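Here is a short tour to follow with your viewer open.

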Amino acid sequence: MVPTSHEALVENLRNATTAEGLLAATAALAQAPIAATAPVLVEVLGYNNPGAAVTAVDGLIRLGTAAVPALLELDPQNYGARAWAVRALAGIGDVRGLELLVEALGTDVAASVRRAAARGLGNLALGRLDPAEQTSVQERCLEALLAATSDGEWVVRYAVAVGLEGLARGLRPQDRAMEQLRHGLVALCEAADDNPPVVCLRAKVALSRLDPP
Amino acid sequence: MTSPPPDSQTGPITEEEALDRLRQSEDRSQQYYGAWWLGRMRSQHPEAVPLLQQALRQRRPRDPGDGVEENAVARNAARALGKLAPAALAAVADLLEVLDDPDDGLREAAARALGELKAKEAVQPICRRLASGPDGAGALQPGTPRLMEPCEALLEALGDIGYVDPEVLAVVEPFVRHERPLIRSAAARTLLQLSGEACWGELLVDLLNHGHLRVRRAALMDLGAAGWRPALEPIRQTLAENSLKLIALRGLVERGNGDPGELALLACMDELL
């Protein structure tokens, strides 16, 4: 019989003895998560089971802001789980994830984590903050993204272009930050031996969207 | 393909140190690292290619009982030369000679390097090694999981070199029926690169549904290498890491043309970040 209550789903997950069992139980829970199950999904991020972690991240993103406290409580020493948490926070776009995203983009060893963080920094929901707070968060995001325009991995620079484009949507044309942001995109457009055409192209597209005709 | 540096914990070294390590001949692990470093850092130093050519000559028949893999330095030298165009074009003759070495691992490294250097001179020698087809070049070496020839590398080199000729296509085509899906993938990639015919792209797309992740990963890389844009949706949907899908889609953007267009490709990449 398929369990339907969340208690039963959590029980299933806790009792899973195989990788496949864990994946199936996580998928069932991630399908329609409730806030109380966020800590359980966060736990799955630390199980060293990539399939289950991907599914748990989807569930946490579906849960949205309700998943953030559990994500922020993660032990910083638990490196593998943190990498997945960065992806979840990037997808959720809650401003409480700001510090973790900034740190991940600047210091994480894995390009896949830095690229998720870059996208996330362009994707934070600022609507509920007062204008002064909005500006300060935008400046933090911009600073982190601009620093990452010289990341050694093309895919991270690509994500920085996407992040800058997203950040620009929350800025007004006359904001000083807009000019710095534009400089960052122009730098990403520059052809160089180690800058592939796809990065230049993505940055050009972002620039063209800053100035709609 | 890069090998992990054996002594990365000692920190970064300079170009001079890398050249010195390759130049000395007492410590082979140092030579191995020096060769790797020069390729990885794409050294432009005038001595890099001559030293790598010299390292390529330090080889001998494999002796599994010996403990030390003597050809490791030569293999890394071949790999590094593949990354050092145009200076390494001076080493094409050396790499062609290595293509006939008894060590199939070394032949594999040489084939890949010749492909990266787009050395047209290599087309005929590579075709000769593949001419016996899946039952000859593609047969198992008795008692090992290895094939008689490093077919994947030889096939892919032909695609990378890009010399379009009916005789080359005729040599490659039988390998799309090889029993190993990775060989079928490599053959389809090369045929797609050389002929542009959709049937080979479709064969690769079929492999994106294969039950083994390794095969799906190879098909992703091969579609990216050929830049076959009709594969966009199947790439989005296949079960594999986003990192590999992003590399494949980059290939579709940079090497492909036609529909779907660049904006659709970029939108898919954005979602996968």
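Predicted model: local features only at pLDDT ≥ 70, side-chain atom pairs only at ≥ 80, totals over all residues.

Residues are numbered from 1 along each chain as its sequence is written, chains are lettered from A and ligands numbered from 1 in the order written, and side-chain values use heavy atoms, without hydrogens or water.

Now go to P86(B), in the loop between helix 4 (72–82) and helix 5 (92–98) of chain B. A cis bond joins A85(B) to P86(B), with omega about 0 degrees. For context, most peptide bonds are trans.

Next, pick helix 2 (residues 28–40) of chain B and find Q31(B) in it. Q31(B) is buried at 1% relative accessible area (buried is under 20%, exposed over 50%, partly exposed in between, with a 1.4 Å probe and protein chains only). A polar atom of its side chain lies 2.8 Å from the backbone oxygen of Q24(B). Beyond neighbours within four places in sequence, Q31(B) is in contact (heavy atoms within 4.5 Å) with residues including R21(B), Q58(B) and V73(B).

Stay in helix 2 of chain B for Y33(B) and W36(B), 3 residues apart, about one turn. Both are buried. Their rings form a stacked pair, 5.7 Å centre to centre with 20 degrees between the planes (rings of Phe, Tyr and Trp, for Trp the six-membered one, pair with centres within 6.5 Å; planes under 30 degrees apart are stacked, over 60 edge-to-face, the rest tilted). A search of the whole structure finds 1 aromatic pair over all chains.

Move to chain A and select helix 8 (residues 111–121), where 10 of the 11 residues are buried. Its cover includes helix 9 (131–147) of chain A, together with helix 14 (242–255) and helix 15 (262–272) of chain B.

Finish at N48(A), in the loop between helix 3 (38–44) and helix 4 (50–63) of chain A. Its phi is positive, near 60 degrees, though N48(A) is not glycine. N48(A) is exposed, at 73% relative accessibility.

Terms used:
Helix = DSSP H or I, 4+ residues; strand = E, 2+ residues; numbered from the N terminus. Polar contact = N/O pair within 3.5 Å; in protein donor to acceptor, adjacent residues only side chain to side chain.
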